[in-house]
Number of protein chains: 2
Amino acid sequence: MFEAAELGRKVDKAAFAAAMPELRLGLLEAQRRAREAGVPVVILIAGVSGAGKGQVVNRLLEWLDSRGVQVQAYWDETDEELQRPRWWRYWRTLPPAGSVGVLFGAWYTPVLLDQIAGRADAQALAAEITRIVDTERTLVRAGVLVLKFWCHLPEKEQAKRIKERRKDPESHWRMAPETVRYANHYKDFVRVGTQVLRETDTGDAPWYLIEATDRRYRDLTIGRTLLKALQARLDAPPAPEHLQTSHAPVLPDAPSARVTVLDHVDLDSRLERDDYRQEMDHWQAEVNRLTWKAFRARRPCVALFEGWDAAGKGGAIRRLIQSMDARLYTVVPIAAPTDEERAHHYLWRFWRHIPRDGYCALFDRSWYGRVLVERVEGFAAPVEWARAYHEINDFEAQLAEHGVVITKFWLHIDKEEQLQRFKAREQTPYKQHKITPDDWRNRDRWDDYKAAVNEMVVRTSTEYAPWEIVPANDKHLARVTVLKTFARRLKDALDD
Amino acid sequence: MFEAAELGRKVDKAAFAAAMPELRLGLLEAQRRAREAGVPVVILIAGVSGAGKGQVVNRLLEWLDSRGVQVQAYWDETDEELQRPRWWRYWRTLPPAGSVGVLFGAWYTPVLLDQIAGRADAQALAAEITRIVDTERTLVRAGVLVLKFWCHLPEKEQAKRIKERRKDPESHWRMAPETVRYANHYKDFVRVGTQVLRETDTGDAPWYLIEATDRRYRDLTIGRTLLKALQARLDAPPAPEHLQTSHAPVLPDAPSARVTVLDHVDLDSRLERDDYRQEMDHWQAEVNRLTWKAFRARRPCVALFEGWDAAGKGGAIRRLIQSMDARLYTVVPIAAPTDEERAHHYLWRFWRHIPRDGYCALFDRSWYGRVLVERVEGFAAPVEWARAYHEINDFEAQLAEHGVVITKFWLHIDKEEQLQRFKAREQTPYKQHKITPDDWRNRDRWDDYKAAVNEMVVRTSTEYAPWEIVPANDKHLARVTVLKTFARRLKDALDD
């Protein structure tokens, strides 16, 4: 595929200069429009060594208004990055709405180097490509404009440049040791590059192959391509049908009368006071022991709590953390997003809070809001929440692959029990702050929520992150169940 | 001073239980009010080993609504933290408006351990205490409620507990090795603690000495103290006069007619085209070489750009970054703060962007907005901007102590030149986006801005972070001056 970039195309100085005014004015205008429209733009620059990726980025910074551009190199991984799932570093550096992110290599560099160095086999490569295609589609469907440029040089030209640059004591060749080591593995690089480019060249996020031998041709072509892509995106924002998954999601037909997983929960069981104390003592000690063990084993842990209003999420979390050392966990309450969070993909705010190795994050509500409240209240369009199941499964898969122990709780009560608790809250002074008009409104949509919960449990119960439906009409039983489940998940993960 | 915490006070089980309803209701109510009033609360828990600091924190999480509480332990410094000024880790973990941050030891632990281990002398201790007092005052004056609890045990009681805990295989004693090493240096700890507590026990952020021998007494006392402090703060929010610096700031008398540092700038010099090209080539090469050298030497670098509207900040920054490898720097444009930024102290948003060792951050406008636009437009009260000079000097001192090379540019043009540029912008299509009604409004307040700039330069030109006033009527001269100054600051810092 790279022959198309070995045609010897050139742009002379005069032609380059003549093209400048229109191009620069156009880029600034397009950037302004993207800012106003709140479109995040990802420009990914990759390619063979010596092709001048750094020069390209400098040129873009010269042409665009640098106040709206963030450049990201991905050299040395910090230990905060190493101690989290691999894509954490990419998620945290994605540009917010209206900004341009220029990314060097990004998620492609490790894939290429792993292949060339023989560290990953064909299966690993296939898995990684699936993840890339998936994630890029996730971004594009959320409105991100993703442009990928691959700068190519013929073998002889590269050899010449490497020789020249090695002579230059201030060149960056010594800076990224691994890149240097494989810089002149030209044939390997091109072979792996061909495969990766082909398989990740999707309609959502296409590759642009750039002939990089002549600098002016390279820069002008990238500039013009960028301009055209920006204009196309801004002139015709994706219509809802373009944002759809190619296969219509299987939407459940109004299931209010249907039997769901929730109808099989035994809500009548009770735990007597004495048994409760005994069980609590036992499982709290277990959780304490196991969280320390996880800390020493450097296994991170994510537990999330969803459930009906007044089902006792807060109380269950409080009982759980009583048993843990306060230095080992964070409680992450999920309320309305901040404006920085709103300027990103909805998963971005959760990626932010992924714990480091050895620590726990407890989410009081979670990313499942997308398929619960946002679905039922219409804050997310059907195409948006319909594709969220897949996005969430992939997100959790990435956590699990990194070694995160995931526990997901749905605290289940029935409608009658909820009514009793709402009334009790209204009558207890120190509980009044817990009941709001929203709670009563949500209650009116019980059946819609029930359908959403059912679909959520069915679609997102995976072997690596199963749902635990906790019978919560009896608070004692609910709390013990939470502790017990949490402890068992840790026990299994730690081979305890 | 610790005798007051060895009186053998106790609370029996019944009395503790009887006190609960009122205390818990009070705390929840106070927390709700603090959230509504947007008051950030810092609760710092320190004290001798074995006093049960972890238990205290768990208790607070049980009593408060844990959704509004963030616990911060400061164990292992990550490399991202090690590669930045020491207080970066504290700033980034401060609670936003309306939240409670519970901090273990925080900025006190390293001071105490450094003393006990003999790693720091009396002078270093004095410097650190000054920094602590300064920073706590900075926070308190910005509206943060800072409460510091010191949990004390008599020597015998500590010895007993350490013995017990060492027997417990799941205790955290093995977790923080340094704490363990000095756990039973009781006398040293008390000696150093006495000094540090006394010298940091300010009216702004007082210490509460807690007798920790009896757990119920300890927890109840802390709970009640916290409640009282919250109520006091919420019932009587600090009046403007309480927020004042104890000495009234020296406000300049309306200096519109006065001669300022800006009047001494020679704005008539010009740089001819040929000289310009030659100088640019030379200094761009120098900047390229020196930024790589700084990278290898792991020296970080901060450059900030302030100046009149249309003085050419953007152009100067563009010329500077053209000479640098795009992987080595970030441009940080300072516009209106996000809501997360608004929920913190005004310096928090700049601490966020402090670069890691070896990298550069270029600020397009900066923390000086506090004493420029916020002062002139009245967004900050006189007491607020008046104390900002000192806060900023201390902030920059912390950067400098860590090894950050700081360069500060004021791009200066005269009023006539600005008028010409405004008109030119209005007539050039690709520059129209750069001129807004705000620019014309600011222009009307030229003299007020001039007075503010003068005071800023006078008060914040330090040996570690001097201002460079760049004559910018001639753009060529301005750009070369910026490059040259930047290169020289690096050269000096690197002993090049």
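Predicted model: local features only at pLDDT ≥ 70, side-chain atom pairs only at ≥ 80, totals over all residues.
Chain B is superposed on chain A by a rotation of 180 degrees, with 0.0 Å of shift along the axis and an RMSD of 0.0 Å. The two copies are thus related as by a two-fold rotation axis. The same surface is used by both copies, since 100% of the contact residues of chain B recur in chain A. In chain A, an unreviewed UniProt entry lists residues 12-233 and 271-493 under "domain: Polyphosphate kinase-2-related".

The interface involves 55 residues of chain B in contact with 56 residues of chain A. Between them the two chains bury about 5,300 Å², and 55% of this area is on carbon and sulfur atoms. Several elements of chain B each supply at least two residues of the side that touches chain A. Among them are the helices H1 (13-37), H2 (53-63), H3 (79-82) and H12 (273-296), together with the strands E2 and E7 (329-333). Helices H13 (313-322) and H14 (339-342) of chain B also belong to this group. H2(B) gives the most to the side of chain B that touches chain A, with five residues.

Five salt bridges are counted between chain B and chain A. A salt bridge joins Glu340(B) to Arg352(A), with the closest N and O atoms 3.1 Å apart. Elsewhere, salt bridges that share partners join Glu80(A), Arg84(A), Glu81(B), Arg89(B) and Arg92(B) into one network.

Gln72(B) is located in strand E2 of chain B, which spans residues 69-72. With a relative accessible area of 18%, Gln72(B) is buried, because buried means under 20% relative accessible area. Leaving aside residues up to four places away in sequence, Gln72(B) touches Thr93(B), Val102(B), Leu103(B) and Phe104(B). Asp268(B), by contrast, is placed in the loop between helix H11 (240-243) and H12 of chain B. Its relative accessible area of 65% makes Asp268(B) exposed. Although Asp268(B) and Pro471(B) are 203 residues apart along the chain, their C-alpha atoms are separated by 8.5 Å.

Over all chains, a search of the whole structure finds 85 salt bridges. Side chains of opposite charge can pair when their charged atoms come close. The following pairs are examples within single chains.

In chain A, Arg289(A) and Glu286(A) form a salt bridge in which the closest N and O atoms are 3.0 Å apart. Both residues lie in helix H11 of chain A (residues 273-296), where Arg289(A) and Glu286(A) are three residues apart, about one turn of the helix. Arg289(A) counts as partly exposed at 22% relative accessibility, whereas Glu286(A) is buried at 13%.

In chain B, Asp263(B) forms a salt bridge with Lys450(B), and the closest N and O atoms are 3.0 Å apart. Asp263(B) lies in the loop between H11 and H12 of chain B and Lys450(B) in helix H20 (residues 446-460), so the pair ties together parts that are 187 residues apart in sequence. Asp263(B) is partly exposed, its relative accessible area being 40%, while Lys450(B) is buried with a value of 15%.

Helix H20 of chain B also holds Glu455(B). This residue, Glu455(B), forms a salt bridge with Arg375(B), the closest N and O atoms lying 2.7 Å apart. Arg375(B) is in helix H16 (residues 373-376) of chain B, and the pair links distant parts of the chain, 80 residues apart. Glu455(B) is buried, with a relative accessible area of 8%, and Arg375(B) likewise counts as buried at 15% relative accessibility.

Notes. Residues numbered from 1 in each chain as written. Chains lettered and ligands numbered in written order. Heavy atoms only, no water. Least-squares fit on C-alpha atoms with pLDDT ≥ 70 in both. Contact = heavy atoms within 4.5 Å. UniProt positions renumbered as here; feature names shortened; annotations may be inferred. Helix = DSSP H or I, 4+ residues; strand = E, 2+ residues; numbered from the N terminus. Buried < 20%, exposed > 50% of the residue type's maximum accessible area, 1.4 Å probe, protein only. Buried area = accessible area lost by both parts, 1.4 Å probe. Salt bridge = Lys/Arg side-chain N within 4 Å of Asp/Glu carboxyl O.
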